[in-house]
Amino acid sequence: MEYKPLTERVREQPRPAAVWLLGVALLLAVELGRITAGLVSAGDATVTALETGYGGLTNALAAGGTTGLLSWVGFVLLLALVGLAVATWTRATVVLRVTDRIPLGPQRLLDGLVFGLAIGGVGWLALRTGAVELGSNFGDVLRSAFVQLGDLPTLTARETIPNQGYQTPDGSWHGTFLGLSSAVAWAVRVLVVHLYVAAWLGWLWVGFQRYRTYYRQADWTPRDDVVARLRYHRWGQFGLVIVVLFLTMAAFAPSLGTTTAEQNLYAPFSNSITYYDAGLGQVTDTLVGNANLETRSQGYPGENVGPLSYDRFDRFHPFGTLTNGKDLFTFLVHGARVSLLIGLLSVAVSAILATGFALISAYYRGLADLVLVVTGDTIMGVPRLLLLILLTVLMADTWLGGLYDGGVLLALILAATGWPFLWRAFRGPTLQIAEEDWVDAARSYGQSATGIMRLHMLPYLLGYLLIYSSLVLGGVILAVAGLSFLGLGITSPTPEWGRAVDLGREFVATESWHISLIPGIMVTLVVMGFNAVGDALRDAVDPQSDSGVADASETESRGGGV
């Protein structure tokens with residue numbers, strides 16, 4: 001059968017693709033305001049990180065002595081790595097245009113250095129000529145347009161289905177959705193959010209089915225067997241449900257919370273609520289902070305707001321309140337976002353390092369493999385918890401510690417101490433791939449080392465990368481919660497699950513048991529969920545593997561090294 005590009009196949013039968021894309025557009029349209037608002041928030045966070053990083057870099061480069069020298073060396077090496085990535089990706093070369101007497105390996109390194117210095121020079125010129133300021137002004141205009149789009153009403157917004165209101169003596173509710181009670185209005189919004197997510201998942205499955213029916217040329221691919229095995233993997237399906245609920249919690253935290261993060265977590269004394277005061281016999285206002293002080297859970301029957309209950313200000317608390325009176329459920333849903341972002345960043349950096357080192361180790365063997373083995377064993381030989389605590393304390397006052405309230409620093413520390421475990425898992429399969437005939441054939445044809453690793457070895461590692469990354473993510477979330485429990489890592493008032501467990505540890509055997517127990521159960525379920533998904537992916541991709549026995553590297557990837 002003659003191969004046809006996907007675009008050509010779609011042009012021949014446009015209707016199935018058009019109908020599916022129309023459904024996607026509809027699903028995006030009902031949440032356009034939230035999507036654009038999320039893009040604005042992500043852009044603001046990126047700008048803040050760049051400004052903080054630029055300030056830290058300039059201060060380090062301006063420092064004298066050994067610190068300044070090491071900063072300049074690190075900066076040049078960073079530029080060289082970026083330039084090498086650009087040269088490899090674009091397959092462009094400058095050195096070869098000047099001379100062909102330099103071997104291919106040093107030639108690539110020199111190309112990376114040249115491209116890196118060029119990127120640094122362009123950046124310096126942009127700063128000196130005001131191009132950066134011009135780009136900033138253009139970004140402000142673009143941001144204003146996105147902010148206006150972000151104000152559009154959405155299906156799952158709090159404004160669409162409000163749950164904050166008050167109840168009068170006649171039993172009627174005011175300010176809530178359709179006059180429903182605060183608990184029912186909140187439950188309706190939670191149901192709408194999960195129905196929206198279910199619609200997305202169902203429509204993505206419809207898209208896969210349409211692709212397989214109308215546009216895939218092959219009658220069968222290995223992915224069909226993988227999907228078939230996953231459909232009967234009950235443990236994996238349980239894990240998938242937990243992971244989807246966790247991702248939904250993180251993505252829709254502003255909608256799922258009973259109140260806003262600004263009102264409940266960050267600025268309770270700058271926001272007010274309206275409630276019916278039975279003593280005054282009228283509706284009145286009070287600061288959220290003052291209301292929280294009167295609804296704290298302190299372990300006594302008279303000072304406790306438990307799960308599925310109202311406080312005296314007609315606020316519904318699905319999981320009760322914290323020791324400071326803040327809503328525990330709102331704290332946890334926003335904490336899920338923090339844990340997910342840290343976990344994804346940590347796993348991404350760990351996976352990139354481990355994959356690159358595994359390819360280098362398998363391709364070059366010898367000294368390169370020995371150096372990586374010694375380095376990895378040295379890092380793995382140090383108790384990881386001790387190493388995490390040490391690095392977190394030492395670097396807490398650096399400019400990295402100010403990014404995302406310490407979240408970026410924690411993610412990078414977890415990645416720097418966790419890549420050897422992933423590398424150990426990747427090294428064996430990569431060594432086997434390096435022995436294949438197609439790798440030797442590519443060498444004999446004179447293909448570059450980076451080209452062989454990228455084109456002929458890396459694709460066969462993607463399955464392992466997906467499996468072990470899902471296993472590692474659960475361990476990272478557990479590690480973040482553990483460090484927060486110890487008072488390290490994420491700084492207050494940014495919510496994190498481990499801090500909630502720490503706040504409630506004194507009240508486990510009291511009326512306020514919910515403060516510590518509920519977050520602890522959620523951490524356990526999320527870690528189990530990611531591990532179950534990893535097990536299911538491994539069994540589906542490699543059904544001949546021994547699913548009942550986990551080797552040391554897999555145990556570490558589950559968080560056992562923490």
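Me: Among contacts between residues at least 6 apart in sequence, what share joins residues at least 24 apart?
Reply: In this protein 70% of them do, where contact means heavy atoms within 4.5 Å. Keep in mind that this is a predicted model, where local features need pLDDT of at least 70, side-chain atom pairs count only at pLDDT 80 or more, and totals for chains, interfaces and linings use all residues. Residues are numbered from 1 along each chain as its sequence is written, and side-chain values use heavy atoms, with hydrogens and water left out.

Me: Why is the pair of Trp 235 and Phe 238 called stacked?
Reply: Rings of Phe, Tyr and Trp (its six-membered ring) pair if their centres lie within 6.5 Å; planes under 30 degrees apart are stacked, over 60 edge-to-face, and the rest tilted. Trp 235 and Phe 238 sit 5.5 Å centre to centre with 20 degrees between the planes, so they are a stacked pair.

Me: How are Trp 235 and Phe 238 placed in helix 10?
Reply: They're three residues apart in helix 10 (residues 234-251), so about one helical turn separates them. Helices here are DSSP runs (H or I, at least four residues), numbered from the N terminus.

Me: Is Trp 235 buried, exposed or partly exposed?
Reply: Buried means under 20% relative accessible area, exposed over 50%, and partly exposed in between (1.4 Å probe, protein chains only). Trp 235 has 37%, so it is partly exposed, and Phe 238, with 32%, is partly exposed too.

Me: And what makes the pair of Tyr 310 and Phe 316 tilted?
Reply: The ring centres are 5.3 Å apart and the planes are at 55 degrees, so the pair is tilted. Tyr 310 is partly exposed at 35% relative accessibility, whereas Phe 316 has 8% and is buried. Both belong to a cluster linked by ring pairs, along with Trp 173, Trp 186, Phe 319 and Phe 329.

Me: How do you know that Arg 312 lies over the face of Phe 313?
Reply: A charge sits over a ring if NZ of Lys or CZ of Arg is within 6 Å of the ring centre and within 35 degrees of the ring normal. Arg 312 lies over the face of Phe 313 at 4.6 Å from the ring centre.

Terms used:
Helices (H or I, at least four residues) and strands (E, at least two) are DSSP runs, numbered from the N terminus.
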